[in-house]
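Grab a pencil and work through these two exercises with the model open beside you. Try each task before you read its solution.

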Amino acid sequence: MNYDTALDAAIGRLHEEGRYRTFIDIEREKGAFPKAVWTKADGSKRDILVWCGNDYLGMGQHPVVLNAMHEALDAVGAGSGGTRNISGTTAYHKRLEVEIADLHQKEAALVFSSAYIANDATLSTLRTLFPGLIIFSDSLNHASMIEGIRRGGGEKRIFRHNDLAHLRELLEAADPAAPKLIAFELIYSMDGDFGPIKELCDLADEFNALTYLDEVHAVGMYGPRGGGVAERDNLSHRLDIINGTLGKAFGVFGGYIAASARMVDAIRSYAPGFIFTTSLPPAIAAGAAASIAYLKTAEGQKLRDAQQLHAKILKMRLKSLGMPIIDYGSHIVPVHVGHPVHCKALSDMLLDEFGVYAQPINFPTVPRGTERLRFTPSPVHDSGEIDHLVKAMDALWSRCALNRAEASA
């Protein structure tokens, strides 16, 4: 085999399908989010506005977070020095896990290097802990959940997205004596729709199944203390394992699970993805703990309220222009385009002509034919910046002769 030729062919297919991914080189400006500086391929620079970031509340620039990170960096240096099992557990990691457990009202928590790894490592390890485990997974679960379920081997059942009747059919057809787990998300990041958490918990109780919830796009964003939709709906106690991230609403880096002390101890003891990975740098753990603690307060609620308001305003204004908005009432604002080449072209024009950065979302992140631009308003986007985005979208939609309709996509 000519390996270079094979690589060229693989990359070429992505170009032909219009879904080759390009990285935009940006430098965010501390204290001025969502402003950033874009460094172009020719080395020139341009001021832009980031409209697709996952730092939903701007905590990546908050003084409380930065001060905590500076203090930890000055106190103990850069890296942790090892895995959690070998010299890499510090007071900063322990404080972070206490904050997370308290956030979700669980007995314990376990921090990983990312929410992806937390999902992958935990879901694959559950097969070891519960021999014969059947995992029932929502068809739109995140790639990290799919990978963890696949890598763990064993039986799995995929139920149609949010389809409780289909899930019931699958549960009824399974061996009553087999251990079971229902894995689902609370906010599905590409459409922004919600999982029917209460009804899923009811089915889990009825069929003696464990529940595994990915709250990555909800932690920090919902609930009186930022504990997610499960906290908002007073259902945290019904979830056996909650997965979350430290890199979105909390504005730092890392992922975690929260569960019973027994469950966390078992995952900690058996999951290779935890055992053999260098632990988070102490400064990262310190910043994440400070962010979580802050977002539990009334000041944190003010940020959540402002973010929700800005999301509603943006949706309302885009809808008034006939944009095909996908609106399920969450903080995510997807605009349906439906073609990878068109989606990339719109993204490029927004950036080149208007200084608006919104990365195109194409297959395999979303199914073919559902390509979209995905906007993430935050408390640090002001009314003028929202107005600028809306006018840019209006101009480009007209120029490209794209369909306008009042019905949401």
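Strands here are DSSP runs of E, at least two residues long, while helices are runs of H or I of at least four, all numbered from the N terminus. Two strands pair if DSSP finds at least two bridges between them. This is a predicted model, where local features need pLDDT of at least 70, side-chain atom pairs count only at pLDDT 80 or more, and totals for chains, interfaces and linings use all residues. Residues are numbered from 1 along each chain as its sequence is written, and side-chain values use heavy atoms, with hydrogens and water left out.

**Exercise 1.** Work out the strand order in the open sheet, and find which strands stand at the edges.

*Solution.* Step one: line up the seven strands, and you get S4-S12-S11-S10-S7-S5-S6, with mixed pairing. Step two: S4 (108–112) and S6 (156–159) each have a single partner strand, so one side of each lacks a neighbour in the sheet. Step three: zoom in on S7 (180–185) and S10 (210–214), which pair in the parallel sense over five bridges. There, Glu 185 sits opposite Asp 214 in S10.

**Exercise 2.** Find which elements each supply at least two residues to the lining of the second largest pocket. (A pocket is an open set of points on a 1 Å grid over the protein atoms alone, where a 1.4 Å probe fits, with protein on both sides within 12 Å along at least five of seven lines; lining residues have an atom within 4 Å of a point.)

*Solution.* Step one: the elements are H3, S4 and H9 (261–270). Step two: H9 gives the largest share, four residues.
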